[in-house]
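Biologist: I have the model open and would like to go through it with you piece by piece. Could we settle the terms as we go?

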Amino acid sequence: MNPTEKPVPVIPSASEYILDNFEPTDRIAMLVLNRDFGETIQRITSAEKAASPEFQAWLRYKNANGSDIYIGMYPLRKDAPTRTKEDIQSIRHVYLDLDHGGAEALQSVENSSSVPKPNYVLNSSPAKHQVVWKVEGMNLDEAEGLLHAMAHEFGGDPAATDATRVLRVPGFANKKYATDFYVEARRESTETYHLRDFKVHIDSQDSPRHNYNNRTNRESSPRRNLSQSEHDWAFAKRALARGDDPEAVLRQIARYRNSDKSDPEGYARLTITKAQAETKATRTQSGPDATSSENPGRTV
């Protein structure tokens with residue numbers, strides 16, 4: 001190759017992308033989401049099966065009929081029924097969702113000395129990108145701290161800083177728009193990175209996710225093994241009881257459940273509504289002398 005020529009980037013198919021990012025026996029989550037019908041299908045299977053012609057044909061069928069196709073970026077434990085944090089077996093990737101700034105935002109990442117060269121850059125929507133790095137040797141807290149730090153550094157989507165987040169799969173159409181936008185990935189590196197390769201300032205103690213987790217753990221029932229919905233419920237009741245703005249509480253819950261709810265805002269609004277009703281009932285049962293710090297007349 002002529003020294004002045006740039007290497008031609010590799011444009012993988014969906015199957016190639018899956019098998020390059022995971023071992024064939026890794027158990028991964030594939031998410032099929034149809035917003036028009038309110039249908040969410042999650043399939044947890046091996047990377048080898050997800051990349052198989054039969055499985056890919058099913059994904060193409062669902063995509064052609066209005067569903068978006070996503071993949072979880074962390075392998076799951078053996079027999080894990082879901083993709084919660086407790087189900088994650090190992091940290092294989094970190095990522096950045098650039099939903100603002102277009103080419104300039106992406107260029108700032110690729111020209112930065114704070115992060116290494118990405119393994120993959122996905123054109124996920126018009127002027128929007130998802131950036132993926134392969135990593136090893138990180139634990140969950142380190143990975144989420146890095147996700148928050150990169151989102152802060154480069155103006156990425158703060159909702160895409162959770163280990164359970166799903167990303168788009170190349171080769172499938174983004175169905176959010178009137179005209180299909182086909183997601184394309186290009187491979188820019190074959191390296192596997194470590195935490196020391198990322199120079200961004202990591203302060204996970206101040207991250208929104210860290211603060212949310214602290215509050216839900218502190219404010220929920222002492223009973224262990226609560227579901228995430230029970231944590232959300234407890235968080236909403238305590239926040240409303242002390243007079244927090246319901247809309248702010250709603251946004252926190254919706255942002256937290258963005259990756260695993262087809263309608264996170266609707267779910268959060270229902271949680272808030274039920275919490276308000278129970279809070280009101282509790283005050284009524286406490287008698288006419290009961291006091292409340294909730295602002296009067298505030299509705300959701």
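Modeller: Two strands are said to pair here if DSSP finds at least two bridges between them. Strands are DSSP runs (E, at least two residues), as are helices (H or I, at least four), and both are numbered from the N terminus. This is a predicted model, in which local features need pLDDT of at least 70 and side-chain atom pairs count only at pLDDT 80 or more, while totals for chains, interfaces and linings use all residues. Residues are numbered from 1 along each chain as its sequence is written, and side-chain values use heavy atoms, with hydrogens and water left out.

Biologist: What about β5 and β6, how do they pair?

Modeller: β5 covers residues 120–125 and β6 covers residues 128–134, and five bridges pair them in the antiparallel sense. Val-121 has Val-131 of β6 as its bridge partner.

Biologist: Which residues of α1 are buried?

Modeller: Ala-14, Tyr-17, Ile-18 and Asn-21 are the buried ones in α1. Buried means under 20% relative accessible area and exposed over 50%, with partly exposed in between (1.4 Å probe, protein chains only).

Biologist: Back to the turn between β5 and β6: how many residues does that hairpin have between its strands?

Modeller: Two residues lie between the strands of that hairpin, and Ala-127 in the turn has a positive phi of about 65°. Ala-127 is a residue other than glycine with such a positive value, and with a relative accessible area of 52% it is exposed.

Biologist: And Asp-79, where is that one found?

Modeller: Asp-79 is found in the loop between β3 and β4. Its phi is positive as well, near 65°, in a residue other than glycine, and at 60% relative accessibility Asp-79 counts as exposed.

Biologist: Let's go inside. Which residues of the largest nonpolar core touch the most other members?

Modeller: Ile-18, Met-30, Val-94, Leu-96, Trp-133, Met-150 and Phe-198 do, out of 54 residues in that core. Helix α5 (residues 140–154) gives the most to this core, with seven residues. Apart from it lies another core, of 12 residues, which include Phe-235, Ala-236, Leu-250 and Ala-275. A nonpolar core is a set of buried Ala, Val, Leu, Ile, Met, Phe, Trp, Tyr and Cys residues joined through side-chain atoms within 4.5 Å.

Biologist: How many aromatic pairs does a search of the whole structure find?

Modeller: That search finds five. One of them joins Tyr-74 and Tyr-95, whose ring centres are 6.2 Å apart with planes at 40°, so the pair is tilted. This pair links distant parts of the chain, since Tyr-74 sits in the loop between β3 (68–72) and β4 while Tyr-95 is in strand β4, 21 residues apart. Both are buried, Tyr-74 with a relative accessible area of 3% and Tyr-95 with 2%. Rings of Phe, Tyr and Trp (its six-membered ring) pair if their centres lie within 6.5 Å, and planes under 30 degrees apart count as stacked, over 60 as edge-to-face and the rest as tilted.

Biologist: Then which residues do ring pairs link into a cluster?

Modeller: Trp-133, Tyr-193 and Phe-198 are linked into a cluster by ring pairs.

Biologist: Last one: how many residues of β6 are buried?

Modeller: Six of the seven residues of β6 are buried, so that strand is mostly covered.
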